[in-house]
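Me: Please walk me through this model, from the overall fold down to single residues. Keep it brisk.

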Amino acid sequence: NTITTSSMDLLPPSYVVHMFDAYRSRKKRIEIELTSFSEYYKPLSAMFVDNRSKNLIYIDRVCRIFKNCEKITIDNDTRHISSRYLSMLLTMVININHDADV
């Protein structure tokens, strides 16, 4: 016997979607502990952490989800920040300021 699932079976129930929408619309402050995030939430880490530097959070992606966010705090144990890191961070901030969806 082969078990097949449709894409509808993979979607969360509508009440879960509504609860998350309400949560993310009220969230003003985001705190990310990078080491734990990368270690314990690998699927999310792949979406939100730069694969090359391993210490750059894609804040533009965070802001697209949490549109009312006013402050993002990132606990990052890295002692060195490269010019690439700063350049990418600056580009994200500029794009956030110009993106009507954020």
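Me: How many helices and strands does the protein have?
Reply: This is a predicted model, where local features need pLDDT of at least 70, side-chain atom pairs count only at pLDDT 80 or more, and totals for chains, interfaces and linings use all residues. Residues are numbered from 1 along each chain as its sequence is written, and side-chain values use heavy atoms, with hydrogens and water left out. Helices (H or I, at least four residues) and strands (E, at least two) are DSSP runs, numbered from the N terminus. Along the sequence the pattern reads α-α-β-α-α-α-β-α, and the secondary structure comes to six helices and two strands.

Me: What radius of gyration does the protein have?
Reply: The C-alpha atoms fill a box of roughly 55 × 35 × 20 Å along the principal axes. The radius is taken over C-alpha atoms, and the globule rule is 2.2 Å times the number of residues to the power 0.38. A compact globule of 102 residues would come out near 13 Å, but the protein has 17 Å.

Me: Which share of the residues is buried?
Reply: Buried means under 20% relative accessible area, exposed over 50%, partly exposed in between (1.4 Å probe, protein chains only). Of the 102 residues in the protein, the buried ones make up 22%.

Me: What kind of ring pair do phenylalanine 20 and phenylalanine 66 form?
Reply: The structure holds five aromatic pairs. Rings of Phe, Tyr and Trp (its six-membered ring) pair if their centres lie within 6.5 Å; planes under 30 degrees apart count as stacked, over 60 as edge-to-face and the rest as tilted. Here the centres of phenylalanine 20 and phenylalanine 66 are 6.3 Å apart and the planes stand at 70 degrees, so the pair is edge-to-face.

Me: How many residues apart in sequence are the parts that this pair ties together?
Reply: Phenylalanine 20 lies in helix H2 (residues 14-26). Phenylalanine 66 lies in the loop between helix H5 (59-65) and strand E2 (71-75), so the parts tied together are 46 residues apart.

Me: Which residue other than glycine has a positive phi near 65 degrees?
Reply: Most residues other than glycine have a negative phi. The residue in question sits in the loop between helix H4 (42-48) and H5. With phi near 65 degrees, it is lysine 54.
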